[in-house]
Amino acid sequence: MQPSPYPLLIFAAGFGTRMRELSADRPKPLIPVAGRPLIDHALEVARLAGVARPVVNLHYRAAQMEAHLRGAEVDFSLEHGQILETGGGLRAALPVLGPGPVMVLNSDAIWTGLNPLTQLMAAWDGAQMDALLLLLPVEHTAAHGSVSDFRLAADGRISRARGAVGHVYLGASMLNPDRLAHIPDDVFSLNRPWDDIIADERAYGVVHQGGWCDVGTPEGIRAAEALLRAGSDG
């Protein structure tokens, strides 16, 4: 395994409100799927991709997350006061992550097949890209619904698409962090720089070679465990 040349931020700061009572006494990344907390599944993806020391951002019930990860080879980016959303959270973590293109990974998803981060690194071309998103056709996703996020062109560029036809963002991407510098707000979504990058025709997508399940709800837990069972049987 080659060590990753790119730093990684794992998003783990959210309130997990769609999990209802399951996240009332714990952060969503500590909810178990197939006997392991979601954050441990994400850390395994990072380890297998050669990421030596991922950064985990924290806000909701941060002390529980820190206690669970004590002794693990991770660094933290703690969001004090208000939660910063994905874009603001990434920008706040940049001093810990270091310079250069960065990878991000949601902790509330399960992947099977090829490693999502390895696929991103293999496809990244900083000469023509400022953003690279891992995608899957909407009909091949689990526990997500039937609405797409993006349209993927033959040359790999992406554009916005909301409908029954298109691709879904899988919570794994790479970004040139310079594209965050001009945004004046502290709290913002990654959708904001993505829209700018799409307008500049420097946003690309790569199709995941495997399965994916959104684990944002209790129903998603059951779907993710079924996906993992199917992957182990195959």
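These legends describe close-up views of a predicted model. Residues are numbered from 1 along each chain as its sequence is written, and side-chain values use heavy atoms, without hydrogens or water. In this predicted model, local features need pLDDT of at least 70 and side-chain atom pairs pLDDT 80 or more, while totals for chains, interfaces and linings use all residues.

**View 1. Arg179 in its loop.** Arg179 sits in the loop between strand E11 (167–175) and helix H5 (191–199). Helices (H or I, at least four residues) and strands (E, at least two) are DSSP runs, numbered from the N terminus. Arg179 counts as buried because its relative accessibility is 15%; buried means under 20% relative accessible area (1.4 Å probe, protein chains only).

**View 2. Partners of Arg179.** Contact means heavy atoms within 4.5 Å. Leaving out residues up to four places away in sequence, Arg179 touches Asp130, Pro193, Asp196, Ile197 and Asp200.

**View 3. Helix H1 and its end.** H1 covers residues 38–48. Its buried residues are Leu38, Ile39, His41, Ala42, Leu43, Val45 and Ala46. Just after H1, Gly50 has a positive phi of about 85 degrees.

**View 4. The largest nonpolar core.** A nonpolar core is a set of buried Ala, Val, Leu, Ile, Met, Phe, Trp, Tyr and Cys residues joined through side-chain atoms within 4.5 Å. The largest has 37 residues, and Ile39, Val56, Leu105 and Leu117 have the most contacts inside it. H1 gives the most to this core, with 5 residues. Apart from this core lies another, of 24 residues, including Phe11, Leu90, Leu135 and Ile183.

**View 5. Around Ile39.** Beyond its neighbours within four places in sequence, Ile39 contacts Ile10, Ala12, Pro29, Leu30, Val56, Met65, His68, Leu69 and Ser107.

Methods:
Buried < 20%, exposed > 50% of the residue type's maximum accessible area, 1.4 Å probe, protein only.
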